[in-house]
Amino acid sequence: MTTAKRSFSLANIIVLGITFLVLLLLTALGVTIYVRVKPLNENQFTDKLMTTMRLTDSTLAAYFNGISNSTQQLSIAVDNYAYDEEALLALEELIVESNDDLISASVSYMDTEETICYPDGELTYSDVDSSEWFGYAQDFDGMPYFSPVYEKPDGTLVIACALTIHDEYGEINGVAAVELLAESVGILVGDETTM
């Protein structure tokens, strides 16, 4: 037999037909699986992403609420202790020492242009008065204001939470503030998203 006759023999045609049919069936099976599984994977990814975002959102809300509560404690203390510097310093120390992310707590009075701060010297009245958050806190009277990230003179990146304080006539008399490390927010978000 010649080579041309062998390549068109009945056995070769059957083998080629079966091979073609198997390839066609495998391709159809792959397309069917892809079409069925793709929406499931996308739905699972969307569900996991939504869960992660909800968890991160609630964690950040709780974290910033805790920082806000610290600032409110300072604001309330001014009303209770007036200008008792020792009592304010003790409260500021307690607030800073109870949270590793806080680097300072302060109360700044506009009428006397003084700042009572723990740790001592961390913030002066000129630092506070020239800061952007000092003015915004007064605009947000009664609501905690969280500043954008800013850099301290030593290079530390911080966020301030500021809240107005009032005198005995209900007029704005200054601002209570706490400063927290900006990296702590990044670490918190990173921990939540990896979980």
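How many salt bridges does the structure hold? The structure, a predicted model, holds two salt bridges. They are taken up below, after the overall form of the protein.

**Overall form**

The protein contains six helices and six strands. Along the sequence these elements follow the order α-α-α-β-β-α-α-β-β-β-β-α. The C-alpha trace spans about 115 × 30 × 30 Å along the principal axes of the protein. The radius of gyration is 33 Å, whereas a compact globule of 195 residues would have a value near 16 Å. Of the 195 residues, 32% count as buried.

Two pairs of residues illustrate distances within this form. Ile-33 and Leu-102 are 69 residues apart along the chain, and their C-alpha atoms are separated by 53 Å. Ser-104 and Phe-146 are 42 residues apart in sequence, with a C-alpha to C-alpha distance of 15 Å. Ile-33 belongs to helix H2, while Ser-104 is part of strand S1. Ser-104 has a relative accessibility of 1% and therefore counts as buried.

**Salt bridges**

Side chains of opposite charge can pair when their charged atoms come close. Glu-122, Lys-152 and Glu-179 are linked in a network of salt bridges.

| Pair | Closest N and O atoms |
|---|---|
| Glu-122 and Lys-152 | 3.3 Å |
| Lys-152 and Glu-179 | 2.9 Å |

In the pair of Glu-122 and Lys-152, the closest N and O atoms are 3.3 Å apart. This pair links distant parts of the chain, 30 residues apart: Glu-122 sits in the loop between strand S2 (114–118) and helix H4 (125–130), and Lys-152 in the loop between strand S4 (150–151) and strand S5 (157–166).

Lys-152 also forms a salt bridge with Glu-179. Because Lys-152 lies in the loop between S4 and S5 and Glu-179 in strand S6 (residues 172–181), the pair ties together parts that are 27 residues apart in sequence.

Lys-152, at 6%, counts as buried. Glu-179 is buried as well, with a relative accessible area of 1%.

**Surface patches**

Which residues make the nonpolar surface patch of about 730 Å²? Leu-10, Ile-14, Ile-18, Val-22, Leu-26, Leu-29, Ile-33 and Val-37 make this patch. Leu-29 is located in helix H2, and Ile-33 is likewise in helix H2. Leu-29 has a relative accessibility of 48% and counts as partly exposed. The corresponding value for Ile-33 is 45%, so Ile-33 counts as partly exposed.

A negative surface patch is formed by Asp-84, Glu-85, Glu-86 and Asp-120. Of these residues, Asp-84 is located in the loop between helix H2 (10–81) and helix H3 (85–97). The relative accessible area of Asp-84 is 36%, and Asp-84 is therefore partly exposed.

**Backbone features**

Most residues other than glycine have a negative phi, and most peptide bonds are trans. Where does the backbone of this model depart from that pattern? A cis peptide bond joins Tyr-118 and Pro-119, with omega at about -5°. Pro-119 lies in the loop between S2 and H4, the loop that also holds Glu-122. Glu-113 is not a glycine, yet its phi is positive, at about 50°. Glu-113 is placed in the loop between strand S1 (102–109) and S2. With a relative accessible area of 55%, Glu-113 is exposed.

Conventions: Residues are numbered from 1 along each chain as its sequence is written. This is a predicted model: local features need pLDDT of at least 70, side-chain atom pairs count only at pLDDT 80 or more; totals for chains, interfaces and linings use all residues. Side-chain values use heavy atoms; hydrogens and water are left out. Patches are made of residues with over 30% relative accessible area and no salt bridge: like charges are joined within 9 Å, nonpolar side chains (Val, Leu, Ile, Met, Phe, Trp, Tyr) within 5 Å. Accessible areas come from the Shrake-Rupley method with a 1.4 Å probe; for residues, only the protein chains shown count as cover. A salt bridge is a side-chain nitrogen of Lys or Arg within 4 Å of a carboxyl oxygen of Asp or Glu. Lys and Arg count as positive and Asp and Glu as negative; His and the chain ends are not counted. The place of a charge is taken as NZ of Lys, CZ of Arg, CG of Asp or CD of Glu. Helices (H or I, at least four residues) and strands (E, at least two) are DSSP runs, numbered from the N terminus. Buried means under 20% relative accessible area, exposed over 50%, partly exposed in between (1.4 Å probe, protein chains only). The radius of gyration is taken over C-alpha atoms; the globule rule is 2.2 Å times the number of residues to the power 0.38.
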